[in-house]
Every structure is written in C-alpha cells, then in structure tokens.
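Please read the following account with the sequence and the three-dimensional model side by side, turning to each part as it is named.

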Amino acid sequence: MLVQLARRLHPDARITVLTGAGVSAASGVPTFRGPNGLWKNFRPESLATPEAFHRDPKLVWEWYDWRRQILSTKKPNRAHEVLAAWSRRYRDFTLITQNVDGLHERAGTRNVIRFHGSIWEVLCSNNCSGSPARWLDETVPFPEIPPKCPHCGGLIRPGVVWFGEGIDPDVMRRSADALDCDIFLTVGTSAVVYPAASLVHEAKARGAYTVEVNVESTPASRLLDLALQGPAEEILHGLECRITRPSYT
Ligand code: BJW
C-alpha cells in the first residue's frame with residue numbers, strides 16, 4: 001500500500017493535505033473527541049460558541065488560557081516534520097489544518113491554511129477601530145482573565161472559529177482552490193465537523209485520489225480511495241522513507 005502511494009507522490013504531483021487534532025496527538029496535545037478528548041470533560045456549547053463567550057467570557061478564557069499553557073510546552077512530532085518536508089519539496093503543495101495549535105508552522109511548513117484560525121491570535125470583540133483586525137499574542141498565562149483590548153479596554157477573544165461561525169471567506173476560497181489536486185490526504189481528523197469534513201469529498205468529485213490516515217475508521221473511510229489505519233506519525237514516516245529511498249522495505 002505505502003509503496004504504491006509513494007509512487008503517486010512523484011515530484012510533479014499536486015498535493016493537498018487536511019489535518020486534524022490527531023496529527024498533534026503524538027506531541028501530547030489533547031484531541032477533541034474520543035476517550036481522552038477535550039469534549040469528555042467540557043461541553044462544546046459551554047466553551048466553543050459565541051453564545052458561551054457572551055455568557056461567560058471568564059470561563060471561556062480560562063479554558064483557552066489553560067490550553068495555551070499546555071501548548072506552549074509542546075513540540076512538533078514526526079507527522080508535522082514529514083508534512084513540512086513535503087511543503088518544501090513539492091512545487092504544488094497546500095496544507096489545510098483545522099488545528100489552532102501552530103505546530104505545523106513551528107515545524108516550518110509552507111503554504112498553511114488555518115481553517116479554524118489560531119489560538120495564538122486574538123481580536124477585539126468590540127471590533128474597535130484602534131486595533132488591527134487580529135493580532136498575535138503569545139502571552140502565557142494571561143495576567144488577567146478575561147484579557148482586555150489594549151486599545152479600547154473591551155474584551156478580546158481567541159482568533160479561532162467557534163461552532164455557528166462561518167469560515168473566513170478568503171480561507172474558504174484558498175481551500176477550494178487547493179481541491180484541484182492529484183492527491184488529497186486527510187490526516188488525524190474525525191471527519192465530523194463541517195465544512196472541513198466536506199473538503200475531501202469535493203476533492204474526490206474533482207478527480208483527486210483520496211487517502212485517509214487515522215488510528216480508527218471515520219464516516220469518510222469507506223468513501224475514499226484508500227484508508228490507512230495507524231498513527232499519523234508512523235504512517236507518514238513510513239511513506240517518507242519510501243518516497244526518499246525507493247529501495248526502502
Ligand atoms: C489520530 C491519532 C494519531 C488520534 N494519528 N489519527 C453540516 C452537517 C452537520 C452540522 C453542520 C453542517 N455544517 C455546519 C454544521 C455545524 C457545525 C458542525 O460541523 N457540527 C458538527 C459537529 C455536527 N459546524 C460549524 O458550526 C462550523 N461553522 C459553520 O458551518 O458555519 C456556517 C455559517 C455560515 C455563515 C455564517 C455563519 C455560519 C464551524 C466549525 C468550527 C469548529 N471549531 C472547533 C473549535 C476550534 C477552536 C478551538 O480549538 O477551541 O474546531 S470544534 C473542534 O472540532 C475544532 C477542530 O478543528 C474540529 C475538528 O476536530 P478534529 O480535528 O477532527 O479532532 P477530533 O478530536 O474530532 O478527532 C481526532 C481524530 O484523530 C480522531 O478521528 C482520532 O481517531 C484521530 N487520531 N490520534 C492519526 N496519532
């Protein structure tokens with residue numbers, strides 16, 4: 001299987017990869033769903049919606065501040081490294097990530113589309129005229145929760161996409177462009193959150209060879225051309241060995 005897939009990943013191949021929380025699992029970042037997932041102990045509607053933020057910004061910020069503290073101690077793993085190497089090697093490579101953790105960027109990946117934003121960016125919830133649309137703030141932990149806008153003194157919010165919020169139109173357009181590819185890999189995502197979950201199906205409809213890498217099967221598995229079951233950090237490493245050393249067994 002990996003040998004045949006490695007052959008498809010030839011130097012002129014147009015490659016698009018969609019990643020989810022499973023890609024960062026080996027770095028020690030909790031996933032959302034599953035036995036040890038974040039939603040096991042926290043209800044999404046209490047924490048990851050605009051209504052939750054409006055109702056209790058302190059609670060929501062405590063959760064994000066806690067996750068930022070965890071993330072600040074984590075490093076990219078072998079899955080991030082392989083994808084970063086591909087982004088430098090292939091002329092036509094796009095990485096669409098649902099992850100907000102910034103680990104793809106820290107691994108040196110080029111052409112990353114952050115589908116659900118970044119936990120390291122913030123924006124003024126008043127949309128005040130004195131502040132940029134969004135800005136980087138890597139303060140860990142925040143000295144005051146909820147943190148305030150340095151310009152208007154109102155609340156700032158995490159630069160992520162919550163349930164019920166639309167995907168940034170420019171992000172949507174760039175992602176749609178990347179669906180015209182030869183190979184579309186979906187890696188470490190439960191494939192249940194839309195519209196991200198529809199991307200692989202659209203890529204297949206446009207003619208891409210579609211591959212899933214996941215430790216378990218998902219609603220997408222049986223609809224794709226190839227489903228590889230196993231940890232992303234191991235499967236992508238094995239694939240990279242076969243691409244760079246064709247005699248590798
Ligand atoms: C491994 C591994 C290893 C573990 N190796 N694998 C159509 C149908 C039904 C519902 C909807 C629909 N369209 C829209 C909706 C509503 C909603 C939605 O999808 N709900 C479903 C859950 C039912 N979608 C939205 O609300 C979206 N907005 C929208 O559609 O707006 C419409 C609109 C238009 C115009 C104006 C206004 C509105 C927004 C969705 C935003 C999602 N946000 C979150 C939080 C981000 C911020 C934060 O981090 O706090 O994004 S939720 C959470 O889920 C996060 C993730 O990016 C996302 C996906 O999760 P992911 O990455 O798949 O993680 P897990 O944990 O689910 O899965 C991990 C996987 O890894 C598992 O499969 C493991 O097996 C695997 N794994 N170790 C390989 N080592």
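This is a predicted model: local features need pLDDT of at least 70, side-chain atom pairs count only at pLDDT 80 or more; totals for chains, interfaces and linings use all residues.

Residues are numbered from 1 along each chain as its sequence is written, and side-chain values use heavy atoms, with hydrogens and water left out.

The largest nonpolar core has 29 residues, and those with the most contacts inside it are Leu9, Trp86, Leu185 and Leu239. A nonpolar core here is a set of buried Ala, Val, Leu, Ile, Met, Phe, Trp, Tyr and Cys residues joined through side-chain atoms within 4.5 Å, where buried means under 20% relative accessible area, exposed over 50% and partly exposed in between, with a 1.4 Å probe and protein chains only. The elements that each supply at least two residues of this core are α1 (2-8), β1 (15-19), α5 (78-89), β2 (93-97), β7 (183-187), β8 (209-214), β9 (226-229) and α9 (232-244); helices (H or I, at least four residues) and strands (E, at least two) are DSSP runs, numbered from the N terminus. Helix α9 gives the most to this core, with five residues. Tryptophan 86 touches Leu9, Phe93, Leu185, Leu236, Leu239, Glu240 and Ile243, leaving aside residues up to four places away in sequence, contact being heavy atoms within 4.5 Å. A second, separate core of 25 residues includes Ala52, Val60, Ile119 and Ile156.

Tryptophan 86 is also one of the buried residues of α5, which include Ala79, His80, Val82 and Leu83 as well. Among the elements that cover the buried residues of α5 are β1, β2, β7 and α9. At the start of this helix, a side-chain oxygen of asparagine 77 reaches to within 2.7 Å of the backbone nitrogen of alanine 79.

Asparagine 77 itself lies in the loop between α4 and α5, and at 7% relative accessibility it counts as buried. Its side chain is joined to that of serine 27 by a polar contact of 2.9 Å, a polar contact being a pair of N or O atoms within 3.5 Å, of which, within protein, one must be able to donate a hydrogen and the other to accept it, and residues adjacent in sequence count only if both atoms are side-chain atoms. Arginine 67, in helix α4 (residues 57-71), is likewise buried, with a relative accessible area of 10%, and it touches Phe32, Leu38, Val100 and Ile119, not counting residues up to four places away in sequence.

Where do the cysteines stand? A search of the whole structure finds zero disulfides, a disulfide being a pair of cysteine sulfur atoms within 2.5 Å. The sulfur of cysteine 128 is 3.8 Å from the closest cysteine sulfur, in cysteine 149, and is therefore too far for a bond. Cysteine 128 is buried at 14% relative accessible area, and cysteine 181 is buried at 4%.

Of the 35 residues around the ligand, Arg33, Tyr64, Thr189, Ser190 and Asn214 come nearest, a residue being near a molecule or strand if one of its heavy atoms lies within 4 Å of it. An N or O atom in the side chain of arginine 33 is 2.5 Å from an oxygen atom of the ligand, whereas alanine 232 has a polar backbone atom 2.9 Å from a ligand nitrogen.
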